[in-house]
Structures are given as structure tokens and as C-alpha cells.
Amino acid sequence: MNPIPLVDESRLVNLVTNPTITAQRWAQRAACTGLRSAIHAYFPGDGDLPPVDALMCCFACPVATECLATALIHESQSGFRHGWWGGTSPEAREGIADRLCIETVPVEFDIRGPADLARHLRSQNRTIPSIAVELGCTERTVYRYLAQSAA
Ligand code: SF4
């Protein structure tokens, strides 16, 4: 069962091949944020489904693709699929990864916080305003992050 029938596959591939996705704040917009016992709901026993209310959250979630991409990134690095992400089971993600030939870009830098991400984006010639949009902060804060990492 996959409660998300239509995944924008080209967007999914873009997210998976962009290693900065896991450092972004997409989880703040997750539909399951207010779900009671969300952690347990999405990690049922082998072969079991999450509760219906948890799956309905995924169906309506504005960041389901980001959630799915994050799982695919981690799983390609760990080789281990567990739990439901983006409304998909481990088996469904195995099929998606195979079908789309998803290969992640090796993470050659250590992103531990917004300052690291700002530095990485700047190294890719991203403008200060676009970095501010991506991090959800002001341009002044981006300059502060870059100054920190240069110090
Ligand atoms: S898609 Fe992911 S973030 Fe969205 S409701 Fe489902 S588990 Fe939560």
C-alpha cells in the first residue's frame, strides 16, 4: 500500500541527489507534527501497517517528497530500510530506489548546522539572498554564518 499515489519523480531525484536536503527545515511543515505517538506510528512491526490516521497525515502532507527523499538518502548510505517515510513502506522504497536508479552523492562535507550549510551553498556560488531563502533566515544572518566559518 502506498498512500501517496503520485510522486513527482524528477523532483524526488533532485532532492535525493542534493545532500543538503537533510539539513533543511522541512520537518517543521510535516503533517504528522501534532500526531500523538508519531514515532511509534511510523515504525510498526514487520509487515504491519501504520494506523489509518498516520497514513492519512502522509496523504495530506506538504513535505511528503522531502520525507521520502530523506529516507532514501539515509538508506542508501546505511543499506538498511526501516519504518514508513513519505507514506511508503520499506518494500515500496526499495522498488522506488531500483526503478529510479537513485544513487546519492557522497557527502564530502560535514553539515551539522545552518552555518555549515550556508558555507556549502556559498561554495556552490549561490547568492546570499537565495541562501537566506533556503535557510529561512535573513541575509544578515547568512553573512554572520559566513563570517563565523571564515574566522
Ligand atoms: S510524509 Fe513524512 S513528514 Fe509527512 S506526515 Fe508522513 S511521515 Fe510525517
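**Figure 1. Contacts of L72 in the predicted model.** Leaving aside neighbours within four places in sequence, L72 is in contact with V16, R93, A97 and I102. Two residues are in contact if their C-beta atoms, placed from the backbone, lie within 7 Å. The structure is a predicted model, in which local features need pLDDT of at least 70, side-chain atom pairs count only at pLDDT 80 or more, and totals for chains, interfaces and linings use all residues. Residues are numbered from 1 along each chain as its sequence is written.

**Figure 2. The nonpolar cores.** A nonpolar core is a set of buried Ala, Val, Leu, Ile, Met, Phe, Trp, Tyr and Cys residues joined through C-beta atoms within 7 Å. A residue is buried if 20 or more other C-beta atoms lie within 10 Å of its own, exposed if 12 or fewer, and partly exposed in between, with C-beta atoms placed from the backbone. The largest nonpolar core has 17 residues, of which C67, L68, A69 and L72 touch the most other members. At least two residues of this core come from each of α1 (9-16), α3 (52-59) and α4 (64-78). The most is given by α4, with 7 residues. A second, separate core of 6 residues includes A118, L121, I131 and Y145.

**Figure 3. The shell around the ligand.** The ligand is surrounded by 13 residues, the closest being A30, C32, C58, C61 and C67; a residue is near a molecule if its C-beta atom, placed from the backbone, lies within 6 Å of it. The elements that give two or more residues to this shell are α3 and α4. By class, the shell has 11 nonpolar, 2 polar and no charged residues. Here Ala, Val, Leu, Ile, Met, Phe, Trp, Tyr, Cys and Pro count as nonpolar, Asp, Glu, Lys and Arg as charged, and the others, Gly among them, as polar.

**Figure 4. The pair of helices α6 and α7.** The axes of α6 (residues 114-123) and α7 (residues 128-135) come within 10 Å and cross at roughly 145 degrees. Axes are lines fitted to C-alpha atoms, for helices over the stretch in contact, and angles run from 0 to 180 degrees between N-to-C directions. The contact is made by P114, L117, A118, L121 and R122 of α6 and by I131, E134 and L135 of α7. These residues divide into 6 nonpolar, no polar and 2 charged.

**Figure 5. The protein chain as a whole.** The chain has 8 helices and 0 strands, where helices (H or I, at least four residues) and strands (E, at least two) are DSSP runs numbered from the N terminus. Of its 151 residues, 23% count as buried.
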